[in-house]
Amino acid sequence: MTTPDTDPPRIVPLRTATALRGRLRDLWGAGLTRGDSTGWRAVDELYTVAPGLVTVVTGWPGSGKSEWVDALAMNLLRQGWAVAYYSPENLPVEVHLSKLVEKVAGRPFGRGPTERLALEEADEIAALELGERVAFMDPGDDTLHLGEIRDAAMMHFASQPADAKRLVVIDPWNEVRHLRVPGEPETDYVSQALGMVRRWARAEDVHVVIVAHPAKQPREAGKLPVPKPDMIAGSQHWWNKVDQAITVWRDYGDDEADVEVHVHKVRFKHHGRIGMAGLRYDRVTGRYLEPQRDAEGRVYEFSFGGRS
């Protein structure tokens, strides 16, 4: 690894405020726009999705963070996004596809007490609604490093319409093959790796969602706390290097309680703000439903923001 003293010198461009006035005027005219909708109004008040950014989503095992990211991806798909998945925990890829089809349809894919999705409709959703816009990286028994994930995603996006927005899901971070130099501290590696992902997201106008597990689960009795980004291995860099940080949390002792989506960080205020939104998880369909409340705050129904 080269040091700053041995790096070859390069000319760094400098742009004065005067030179940037044209861009400033264009930005003023276009406005600082919010990102695209997540599909849930309560979440949109806190978090929206725009190209060129990196989001980390964390949560305890079984909290539903991967299911929530899948639901988010399907809601973005309806708005014209293309999606590239690296999701080793969802292999084989046809099983992952069945979960996405289930979310779009709103009926279970497998056999059970609830009426099952018909084969013809499942096939139609896979062919027409997901079709060529959703791709799954299939490394078999191996894992991929970040460069391979980037190259595979860009190959998929090259086949998409020029105006399609692009989402990459890396789920989970610990299933990436990390090319860490022997003896390199983990915090240093995480800083460099996330810096590379962020530069790629900005250069290619891609939104990257990384699902990362907390490093250690507390042993004390009672409800587990809401894990924050600095509880992921690599610590503070999960605060510093990402643009948006989210925790999906639920009370393991209460299956009827809402799932809480905590937004801990939003780099640009026109994309959202810090806060928490509650959603209801439907185990039958894998969907996240938004509670509709009356004037006194009582829930009278749950609604789905996507395809009905």
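**Exercise 1. The second largest pocket**

Task: Which helices each supply at least two residues of the lining of the second largest pocket, and how do the lining residues divide by class?

Solution: In this predicted model, helix H6 (146-158) and helix H7 (186-204) each supply at least two residues of the lining of the second largest pocket. Of these two helices, H7 is the one that gives the most to that lining, with 4 residues. The next step is to look at the lining as a whole: it comprises 12 residues, and Leu146, Leu179, Tyr189, Ala193 and Met196 are those that lie nearest the centre of the pocket. Sorted by class, the lining has 7 nonpolar, 3 polar and 2 charged residues, and the pocket that they surround has a volume of about 230 Å³.

**Exercise 2. The largest pocket**

Task: What is the volume of the largest pocket, and which residues are the closest to its centre?

Solution: The largest pocket holds about 500 Å³ of space. Its lining is made of 24 residues, among which Gly62, Gly64, Arg250, Tyr281 and Arg283 are the closest to the centre. Turning to the secondary structure, helix H3 (65-77) and strand S8 (275-282) each contribute at least two residues to the lining of this pocket. By class, the lining of the largest pocket consists of 13 charged, 6 nonpolar and 5 polar residues.

**Exercise 3. The rings around tryptophan 40**

Task: Is the pair of tryptophan 40 and tryptophan 68 stacked or edge-to-face, and which residues form one aromatic cluster with them?

Solution: The structure holds 5 aromatic pairs. For tryptophan 40 and tryptophan 68, the ring centres are 5.7 Å apart and the planes stand at 20°; planes under 30 degrees apart count as stacked, so this pair is stacked. The pair links distant parts of the chain, since tryptophan 40 lies in the loop between helix H1 (21-30) and helix H2 (41-44), whereas tryptophan 68 lies in helix H3, 28 residues apart.

As a last step, consider burial, for which the cut-off is under 20% relative accessible area. Tryptophan 40 has a value of 1% and is therefore buried, and tyrosine 288, with a relative accessible area of 1%, is buried as well. Tryptophan 68 is also buried. Together, Trp40, Trp68, Tyr281 and Tyr288 form one aromatic cluster.

Key:
Residues are numbered from 1 along each chain as its sequence is written. This is a predicted model: local features need pLDDT of at least 70, side-chain atom pairs count only at pLDDT 80 or more; totals for chains, interfaces and linings use all residues. Side-chain values use heavy atoms; hydrogens and water are left out. On a 1 Å grid over the protein atoms alone, a cavity is a set of points where a 1.4 Å probe fits but cannot get out, and a pocket is an open set with protein on both sides within 12 Å along at least five of seven lines; lining residues have an atom within 4 Å of a point. Grid points are joined across faces, edges and corners, and a volume is the space filled by probe spheres set on the points. Ala, Val, Leu, Ile, Met, Phe, Trp, Tyr, Cys and Pro count as nonpolar, Asp, Glu, Lys and Arg as charged, and the others, Gly among them, as polar. Rings of Phe, Tyr and Trp (its six-membered ring) pair if their centres lie within 6.5 Å; planes under 30 degrees apart count as stacked, over 60 as edge-to-face and the rest as tilted. Buried means under 20% relative accessible area, exposed over 50%, partly exposed in between (1.4 Å probe, protein chains only).
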